[in-house]
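Take a moment to turn the model around before you read on. Then let us walk through it together, step by step.

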Amino acid sequence: MELQYQLRAGSYYLYDLSDAPSAVTGERRFKLKTDNVAIAFDRHTGHVHQHGSPARIQSWATHTRRRLRAAGLLQDANDLVVVSGPLPVEEINKCLWVAGYCRRLLTRLASLPHGKLQRAGDPASAWKKAA
């Protein structure tokens, strides 16, 4: 799967770029539509465990931390980080595409711009990069 988030009409859409576009509309079907995106990852390695709607990811992380602590893996439970909000779509996609990128995202989180404020022309450039 080659996943990519795009921002359209104030919502984040997740697409699998390996899916063929529709013969009728020319667009791919989206896998997820959400107002904000959450990413769960390991603090030290930057490995992405889950991504998607914040409620689902927070629930997954809480359950996973509970299971890790019960197994005596306290450090692993403490290293599980969830970042959510209106993140810039470019940063979200880099987390999916570049191994370990989430570590860098975490260090720059406070200085990132609001993710839903785009420059003119950005949605089109996202599709051009995908093609």
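This report goes from the whole chain to its strands, its salt bridges, a helix and its cysteines.

## Before we start

This is a predicted model, in which local features need pLDDT of at least 70, side-chain atom pairs count only at pLDDT 80 or more, and totals for chains, interfaces and linings use all residues. Residues are numbered from 1 along each chain as its sequence is written, and side-chain values use heavy atoms, with hydrogens and water left out.

## The whole chain

The protein chain has five helices and six strands. Helices (H or I, at least four residues) and strands (E, at least two) are DSSP runs, numbered from the N terminus. Read from that end, the order is β-β-β-β-β-α-α-β-α-α-α.

Of the 131 residues, 38% count as buried. Here buried means under 20% relative accessible area, exposed means over 50%, and partly exposed is in between (1.4 Å probe, protein chains only). The accessible surface of the protein chain is about 7,800 Å², and 54% of that belongs to carbon and sulfur atoms; such areas come from the Shrake-Rupley method with a 1.4 Å probe, and for residues only the protein chains shown count as cover.

Look at strand β1 (residues 3-8): five of its six residues are buried, so the rest of the structure largely encloses it. Strand β1 runs antiparallel to β2 (residues 11-16), and six bridges join them. Two strands count as paired if DSSP finds at least two bridges between them. Leu-3 stands opposite Asp-16 in β2. The two strands form a hairpin with two residues between them, and Ala-9 in the turn has a positive phi of about 50 degrees.

## Three salt bridges

How many salt bridges does the structure hold? There are three, each being a side-chain nitrogen of Lys or Arg within 4 Å of a carboxyl oxygen of Asp or Glu. One of them joins the side chains of Glu-27 and Arg-8 (3.4 Å, N to O). Glu-27 sits in the loop between β2 and β3 (30-34) and Arg-8 in strand β1, 19 residues apart.

Asp-19 and Lys-31 also meet through their side chains in a salt bridge (3.1 Å, N to O). Asp-19 belongs to the loop between β2 and β3 and Lys-31 to strand β3, so this pair ties together parts 12 residues apart in sequence.

Glu-91 pairs with Arg-108, their closest N and O atoms being 2.5 Å apart. Because Glu-91 lies in helix α3 and Arg-108 in helix α4, the pair ties together parts that are 17 residues apart in sequence. Glu-91 is buried, at 10% relative accessible area, whereas Arg-108 is partly exposed, at 30%.

## Helix α4 and its buried side

In helix α4 (residues 101-108), the residues Tyr-101, Cys-102 and Leu-105 are buried. They cover an arc of only 95 degrees around the axis, which puts them on the same side of α4; the arc is that of the directions from the helix axis to the C-beta atoms. The buried residues of α4 pack against β4 (37-42), β5 (48-52) and α3 (89-97).

## Two cysteines, no disulfide

A disulfide is a covalent bond between the sulfur atoms of two cysteines. A search of the whole structure finds zero of them, counting a pair of cysteine sulfur atoms within 2.5 Å. For Cys-95, the nearest cysteine sulfur is that of Cys-102, 3.1 Å away. Cys-95 is buried at 3% relative accessibility, and Cys-102 is buried at 0%.

Terms used: Contact means heavy atoms within 4.5 Å.
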